[in-house]
Amino acid sequence: MRHFDFKNGELHAEEVALSKIARDVGTPCYVYSTATFERHYRVFAESFKGIKALVAYSVKANSNIAVLATLAKLGAGADVVSGGELARALIAGIPADKIVFSGVGKTRAEMRDALEAGIRVFNVESLAELRALNDVATSMGKTAPVAFRVNPDVTAGGHEKISTGKKENKFGIAWSKAESAYAEAASLPGIQIVGVDVHIGSQIDQLDPFEAAIRKVGDLIKTLRAQGHKIESFDIGGGLGIPYGNNAKTPPPPSEYGALVKRLTANMDVEMIFEPGRMIAGNSGILLSEVLYVKEGEDRNFLIIDAAMNDLLRPALYDAYHDIEGVNLPPRDAPQNTYDVVGPICESGDTFMKGREMPQLSAGDLVVLHSAGAYGAAQSSQYNTRPLIPEVLVNGSEFAVIRERPSIAEILKSEHIPHWLGPKL
Ligand code: LLP
């Protein structure tokens, strides 16, 4: 069932008309559907029924604490990559022993906070990081649970900027160095080896790369155990793609992914850890925006909307496709027009879509950009001093603002004119 659908000729999020949200909250804003988050989480988690598994939602995809609290209630863990994300996960009620800490550049302060909280595991990406973690843990009289993120040299991921599992990428311990890394970890008093970790990329639209990575890691686990290491968990990262509604290949459903993982790991005797981000959040949110102007150019028409690349960076950064549609269902005989859909920012890259044929729109009409729940708000900025836009969570017939739009005064409050430039303005 779709939770962003037309009712009475108007697009709704669950039971709430988007025009009502636009009126109450203003545009642009992100709108999320609780029911969709819940469905995605359940479908994903249920595909691993029968095996020991932790679903550690990748907080970076959508880190709003209300979203995290929604998932926490369903039993989700969290994959965090900073002290900030760790704080969010804990505040949202995700138990520390369901939190995994990933990332190539954890600071000592972040390590300390995570050890203090008692997280499940640090996914360590280099020997330098391992040694720093050992120092921090021993200075606190603690032992840090560790899995190495190994780099399986597998090609995966929809875009060069989000492919991570190749050996030229900055991520993970080189495959050839994995065994010596585990040997060093075993010799350090502040480190306890608990598992192995990989993450091969994002928006992956086929199962083969996962299969290749799982097989390689399976062999590594055998080798490591033969060398006396205790390997209890296998974290396979995130990366399963979602349909964006364009002509790109439709990624396999979680049920097929789950069946593959179950089949390939059946004899490994490990707890599986998953770090899905996009799969849970991507199609749980839309970006709601208003048409500011229709500008008739020389050879094309521009639909200038009030959302811009600072609100949703994906099209500018990855040439990503986000389907756009009007909030009001057009009459059957509505004239069609072809638009380049653009935002108000002073860069040509501030273009959501080129040459989109759609029913004619006018200034004041509401539009949505679909599949914007993952890496949308989380990657937004205040470029051009455009305030971060509100996030709204719908739950049935209710909705709540879960991030407010700051005023310009609030944005400027943290900036200061130094004394040599004269008295405060
Ligand atoms: N685990 C690790 C270690 C990761 O680095 C990531 C994503 C995930 C899990 C979650 O991956 P997912 O299930 O969402 O594919 N901003 C880009 C995507 C960057 C992904 C970064 N890492 C985009 O908008 O497409």
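Modeller: What follows is a set of labels, each set against its definition.

Modeller: This is a predicted model, in which local features need pLDDT of at least 70 and side-chain atom pairs count only at pLDDT 80 or more, while totals for chains, interfaces and linings use all residues. Residues are numbered from 1 along each chain as its sequence is written, and side-chain values use heavy atoms, with hydrogens and water left out.

Colleague: Why is H2 called oblique to H3?

Modeller: The axes of H2 (residues 34–46) and H3 (residues 65–73) come within 10 Å and cross at roughly 45°. Angles under 35 degrees count as roughly parallel, over 145 as roughly antiparallel, 65 to 115 as roughly perpendicular and the rest as oblique, so H2 is oblique to H3. The axes are lines fitted to C-alpha atoms, for helices over the stretch in contact, with angles from 0 to 180 degrees between N-to-C directions, and the helices themselves are DSSP runs (H or I, at least four residues), as strands are (E, at least two), numbered from the N terminus.

Colleague: Which residues make the contact between H2 and H3?

Modeller: With contact taken as heavy atoms within 4.5 Å, Thr-34, Phe-37, Glu-38 and Tyr-41 in H2 meet Val-67, Thr-70 and Leu-71 in H3. By class, this contact of H2 with H3 has 4 nonpolar, 2 polar and 1 charged residues, where Ala, Val, Leu, Ile, Met, Phe, Trp, Tyr, Cys and Pro count as nonpolar, Asp, Glu, Lys and Arg as charged, and the others, Gly among them, as polar.

Colleague: What makes H6 and H7 roughly parallel to each other?

Modeller: The axes of H6 (residues 127–139) and H7 (residues 178–187) come within 11 Å and cross at roughly 10°, and H6 and H7 are therefore roughly parallel to each other. Leu-127, Leu-130 and Arg-131 in H6 meet Ala-181, Glu-184 and Ala-185 in H7, a contact with 4 nonpolar, no polar and 2 charged residues.

Colleague: How do you know whether Cys-29 is buried or exposed?

Modeller: Buried means under 20% relative accessible area, exposed over 50%, and partly exposed in between (1.4 Å probe, protein chains only). Cys-29 has 0% relative accessibility and therefore counts as buried, whereas Cys-346, with a relative accessible area of 67%, is exposed. A search of the whole structure for disulfides finds 0, a disulfide being a pair of cysteine sulfur atoms within 2.5 Å.

Colleague: What is the phi of Gln-203, and why does this residue count as buried?

Modeller: Gln-203 has a positive phi of about 50° although it is not a glycine, and its 16% relative accessibility is why it counts as buried. Gln-203 is found in the loop between strand S11 (191–197) and helix H8 (208–226). Asp-269 also has a positive phi, near 55°, in a residue other than glycine, but at 62% relative accessibility Asp-269 counts as exposed. Most residues other than glycine have a negative phi, and most peptide bonds are trans. The peptide bond from Thr-27 to Pro-28 is cis, with omega near -10°.

Colleague: What makes Ser-47 count as buried, and what does this residue touch?

Modeller: Ser-47 has a relative accessible area of 10% and is therefore buried. Ser-47 lies in the loop between H2 and strand S5 (53–58). Not counting residues up to four places away in sequence, Ser-47 touches Pro-254, Ser-255, Gly-258 and Lys-262. The C-alpha atoms of Ser-47 and Pro-254, 207 residues apart along the chain, are separated by 6.4 Å.
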